[in-house]
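Hi everyone, thanks for coming. Let me walk you through a structure that may be new to you.

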Amino acid sequence: MSGFALRPMRAADVEAVVALIAAHDPDDAPPARDYFDYLFAGGGWFAGDVHHVAVEPPSDRPLAVGGYGRKPLAAPGILWLRWLYAAPGYRGCGLGRLLLGRILDEARAGGARKLYLDTTSAPSFARARAVYEHYGFVLEGRLADYHGDGEDKLIYALDLAG
């Protein structure tokens with residue numbers, strides 16, 4: 001993917017990252033802010049989480065974010081995808097695939113055996129679900145009406161050992 005670069009997310013990126021998350025899903029912005037503030041303050045349970053941002057040089061402004069980490073008390077070798085979002089105007093141009101490719105490479109190199117993610121059945125997340133399925137993620141769970149009437153929580157997984 002020419003024109004874009006990936007770099008580790010920094011504390012100085014939190015405002016821009018939360019804004020791009022809010023542009024897609026305003027409900028995710030407050031928990032994203034809490035999560036990133038906590039992460040960059042030391043992280044506690046999430047201290048080992050890794051996030052990258054996609055930028056378009058020479059600007060260093062985050063255009064997309066993606067990360068992964070362990071959930072508290074997770075089984076060994078299990079990682080969870082976190083906050084894979086692109087800014088308006090940059091959706092559909094491959095930034096999610098670029099970030100997801102980096103995440104998968106790092107997870108495999110780190111010896112992870114499975115990568116999980118949770119998302120929603122809402123139509124506005126159809127493109128994201130298509131990207132996950134393109135990479136081989138399989139729907140392993142559905143929590144009916146979790147986010148509200150008719151909006152299910154979907155849990156996908158990718159076997160990294162195979």
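**A glycine, a helix and some salt bridges**

Let's start with Gly69, which counts as buried because its relative accessibility is 3%; buried here means under 20% relative accessible area, exposed means over 50%, and partly exposed is in between, using a 1.4 Å probe and protein chains only. Before going on, a word on the source: this is a predicted model, where local features need pLDDT of at least 70, side-chain atom pairs count only at pLDDT 80 or more, and totals for chains, interfaces and linings use all residues. Residues are numbered from 1 along each chain as its sequence is written, and side-chain values use heavy atoms, with hydrogens and water left out.

Back to Gly69, which sits in strand E3. Helices (H or I, at least four residues) and strands (E, at least two) are DSSP runs, numbered from the N terminus. What does Gly69 touch, not counting residues up to four places away in sequence? Its contacts are Asp49, Leu79, Trp80 and Arg82, where contact means heavy atoms within 4.5 Å. Val50 is 19 residues from Gly69 in sequence, and their C-alpha atoms are 6.4 Å apart in space.

Now please find helix H2, residues 29–40. Its twelve residues reach 16 Å from first C-alpha to last, close to the 16 Å expected at 1.5 Å a residue; that expected span is 1.5 Å times one less than the number of residues. Which residues of H2 are buried? They are Ala29, Ala32, Tyr35, Phe36 and Leu39. These residues lie on the same side of H2, because they cover an arc of only 125 degrees around the axis, the arc being that of the directions from the helix axis to the C-beta atoms. Just after H2 comes Gly42, with a positive phi of about 135 degrees.

Further on, in the loop between H2 and E2, you will see Trp45. Trp45 counts as exposed, because its relative accessibility is 56%.

On to the salt bridges. How many are there? The count is nine, taking a salt bridge as a side-chain nitrogen of Lys or Arg within 4 Å of a carboxyl oxygen of Asp or Glu.

One of them joins Arg10 and Asp60, with the closest N and O atoms 2.4 Å apart. Arg10 is in the loop between strand E1 (5–8) and H1, and Asp60 is in the loop between E2 and strand E3 (64–69), so this pair ties together parts that are 50 residues apart in sequence. Arg10 is partly exposed at 40% relative accessibility, and Asp60 is partly exposed at 38%.

Another pairs Lys71 with Asp118, the closest N and O atoms being 3.8 Å apart. This pair links distant parts of the chain, 47 residues apart: Lys71 is in the loop between E3 and E4, and Asp118 is in strand E5, residues 114–120.

My last pair is Arg142 and Asp152, whose closest N and O atoms are 2.8 Å apart. Arg142 belongs to strand E6 (residues 138–148) and Asp152 to strand E7 (residues 151–159), ten residues apart. Arg142 is partly exposed at 49% relative accessibility, whereas Asp152 is buried at 11%. Finally, salt bridges that share partners join Arg7, Arg10, Asp13 and Asp60 into one network.
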